[in-house]
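These are my notebook entries on a single model. I went through helix packing, charged side chains and aromatic rings.

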Amino acid sequence: MDDNVKTIKKWLDSGSINIFGLPFSGKDTQGNILAETFDGVMISSGDILRHDHGNKQIQEIMAEGGIIPSELFEQIVLPYLSRKELMGRPLILSSVGRSEGEEPIIMHATENSGHPIKAVIILNLSEEDVWSRFDEAKLEHDRGERLDDKAEALKHRLEEFQNKTLPVIRFYRQHRLLIEIDGTLPKEDVTQQIIDKLYELATE
């Protein structure tokens, strides 16, 4: 194992890293890589919610590219953080808490469950890049069947990010937890940027 990775792993311990970015920025891709690198567990609130087929309201909101109300988010997503099988392991969170006002809830829930947030990553991408990747994904069919992978839903998701999630990013920046990454680079280069930035945090 690389010495830098060892240092980060020791610093991270059972803490968590939360990854944000526009649609198609590579959040889940990088999250899975980090989970494997640090022997952690990847948790995507989107995946959790997409598999909650019993709640029609949630499925309708997500199909339109919306963000679910905070009260539903708390009821469904947050209990995952305290699951027994997660104890003692670092968590890589993919956009957990995307609405302004949910930041303190996430900070409190991760702290109480033994997974305090150690870093928040933003994968920076332009809207032009998002639409380009959207077109590529339609040709490659590499994302499975997702109801929100439609042009109208994507437009709504971009609006939701601007209106609801950007204030979340500002919150974490103010709390000196934010790591900004160029999400336009090849996957391997993005990963290396993240490792380098995490190492800087781990050795401050």
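Is Glu180 buried, partly exposed or exposed? I found Glu180 partly exposed, with a relative accessible area of 38%. I use buried for under 20% relative accessible area, exposed for over 50% and partly exposed for what lies in between, with a 1.4 Å probe and protein chains only.

Entry, conventions. The model is predicted, so I note that local features need pLDDT of at least 70 and side-chain atom pairs count only at pLDDT 80 or more, while totals for chains, interfaces and linings use all residues. Residues are numbered from 1 along each chain as its sequence is written, and side-chain values use heavy atoms, with hydrogens and water left out.

Entry, salt bridges. I took a salt bridge as a side-chain nitrogen of Lys or Arg within 4 Å of a carboxyl oxygen of Asp or Glu. The structure has four of them.

I looked up the partner of Glu180 and found Arg173, with 2.9 Å from N to O. Arg173 is partly exposed as well, because its relative accessibility is 39%.

Arg83 and Glu85 form another salt bridge, at 2.8 Å from N to O. Arg83 is partly exposed at 34% relative accessibility, and Glu85 is partly exposed at 46%.

Glu160 and Lys164 also meet in a salt bridge, at 3.3 Å from N to O. Both lie in helix H8 (residues 151-174), and because they are four residues apart, about one helical turn separates them. I count helices as DSSP runs of H or I with at least four residues and strands as runs of E with at least two, numbered from the N terminus. Glu160 is buried at 9% relative accessibility, whereas Lys164 is partly exposed at 29%.

Entry, aromatic rings. I paired rings of Phe, Tyr and Trp (its six-membered ring) if their centres lie within 6.5 Å; planes under 30 degrees apart are stacked, over 60 edge-to-face, and the rest tilted. That rule gives four aromatic pairs. One of them is Phe20 with Tyr172, tilted because the planes stand at 35°, with the centres 6.1 Å apart. This pair links distant parts of the chain, since Phe20 is in strand E1 and Tyr172 in helix H8, 152 residues apart. Tyr172 also pairs edge-to-face with Phe171, at 5.3 Å between centres and 85° between planes.

I then checked burial. Phe20 is buried, Phe171 is buried at 17% relative accessible area, and Tyr172 is buried at 0%. Phe20, Phe171 and Tyr172 make up one aromatic cluster.

Entry, charge over a ring. I required NZ of Lys or CZ of Arg within 6 Å of the ring centre and within 35 degrees of the ring normal. Lys118 meets this over the ring of Trp11, its charged end 5.2 Å from the ring centre.

Entry, helix H2. Which residues of helix H2 (residues 27-37) are buried? I list Lys27, Gln30, Gly31, Leu34 and Ala35. They lie on the same side of H2 because they cover an arc of only 140° around the axis, taken from the directions from the helix axis to the C-beta atoms. With contact set as heavy atoms within 4.5 Å, the buried residues of H2 pack against strands E1 (16-21), E2 (41-44), E3 (91-94) and E4 (117-124) and against helix H9 (187-202). Just after H2, I noted a positive phi of about 55° at Asp39.
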